[in-house]
Amino acid sequence: MFDYNVDYFEFGALKGKEWEVGYAKTTEALEETSVLRNVAATAGLWGNNGYEALYFPTYVDGSGNQLDGNNVYELTFTELPPVDAFWSITMYDAENFFLVDNEINRYSIGDRTAGIKYEDDGSLKIQISAEKPEDTANWLPAPKGRFRPVLRAYLPQEAIFNETYKLPGINLK
């Protein structure tokens, strides 16, 4: 089987069955493969493989309610996402999936955000709201109305793949 990344570029892709989209040999497999290939093409050609980056979008809070910038939320990481590169959370509006303009020009927050403040126990609390808090060090600005944050984990560790690491919920503050 020809794998464009491996056979053409000869680097950059991990060899492993879990990262290949093979060729269908049955009608059922053809449908499954076609759906997977169409999703990949729609979401973005030349996107990252799962071992390079994983994306975790959400529309709901920890109680299953639609996220809304008219509320104030807190996201508490008692354990930071296990990655070998970096992680971040980017804010998008729910209608158009556009970045959210805000007065501090912050569109994402993560382990590389300058001035971010960790708790004494190493945990991290991020405030998500449309209203600017007094302390903006850990603030991820949201739009007024519905929004969709996306957590990105670059070079995710095995704990993310085998689901022993659990992402915390976004909860009303």
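**Exercise 1. Characterise the side-chain polar contacts of glutamine 127 and the surroundings in which they are made.**

Solution. Begin with lysine 173, whose side chain makes a polar contact with the side chain of glutamine 127 at 3.2 Å; a polar contact is a pair of N or O atoms within 3.5 Å, where within protein one must be able to donate a hydrogen and the other to accept it, and where residues adjacent in sequence count only if both atoms are side-chain atoms. The model is predicted, so that local features need pLDDT of at least 70 and side-chain atom pairs count only at pLDDT 80 or more, whereas totals for chains, interfaces and linings use all residues. Residues are numbered from 1 along each chain as its sequence is written, and side-chain values use heavy atoms, with hydrogens and water left out.

Next, take serine 129, whose side chain makes a polar contact with the side chain of glutamine 127 at 3.3 Å. Then place glutamine 127 itself, which belongs to strand 5, residues 124-129; helices (H or I, at least four residues) and strands (E, at least two) are DSSP runs, numbered from the N terminus. Glutamine 127 counts as buried because its relative accessibility is 16%, given that buried means under 20% relative accessible area, exposed over 50% and partly exposed in between (1.4 Å probe, protein chains only). Finally, with neighbours within four places in sequence left aside, glutamine 127 is in contact (heavy atoms within 4.5 Å) with Val72, Tyr73, Pro133, Asn138, Trp139, Leu140 and Lys173.

**Exercise 2. Determine how many salt bridges a search of the whole structure finds, and describe the pair formed by glutamate 95 and arginine 146.**

Solution. The search finds four salt bridges, each being a side-chain nitrogen of Lys or Arg within 4 Å of a carboxyl oxygen of Asp or Glu. In one of them, the side chains of glutamate 95 and arginine 146 meet at 2.9 Å, N to O. This pair links distant parts of the chain, with glutamate 95 in the loop between strand 3 (87-93) and strand 4 (108-110) and arginine 146 in the loop between strand 6 (139-141) and strand 7 (147-154), 51 residues apart. As to accessibility, glutamate 95 counts as partly exposed at 49%, and arginine 146 likewise counts as partly exposed at 37%.

**Exercise 3. Explain which parts of the chain are tied together by the salt bridge between glutamate 131 and lysine 144.**

Solution. First, the side chains of glutamate 131 and lysine 144 meet in a salt bridge at 2.4 Å, N to O. Because glutamate 131 lies in the loop between strand 5 and strand 6, and lysine 144 in the loop between strand 6 and strand 7, the pair ties together parts that are 13 residues apart in sequence. Lysine 144 is exposed, its relative accessible area being 58%.

**Exercise 4. Locate glycine 169 and identify what it is in contact with, leaving aside its neighbours within four places in sequence.**

Solution. Glycine 169 is found in the loop between helix 3 (158-161) and strand 8 (170-172). With a relative accessibility of 32%, glycine 169 counts as partly exposed. Comparing sequence with space, glycine 169 and aspartate 61 are 108 residues apart in sequence, yet 6.2 Å apart in space, C-alpha to C-alpha. Once neighbours within four places in sequence are left aside, glycine 169 is in contact with Gly62, Glu74 and Leu75.
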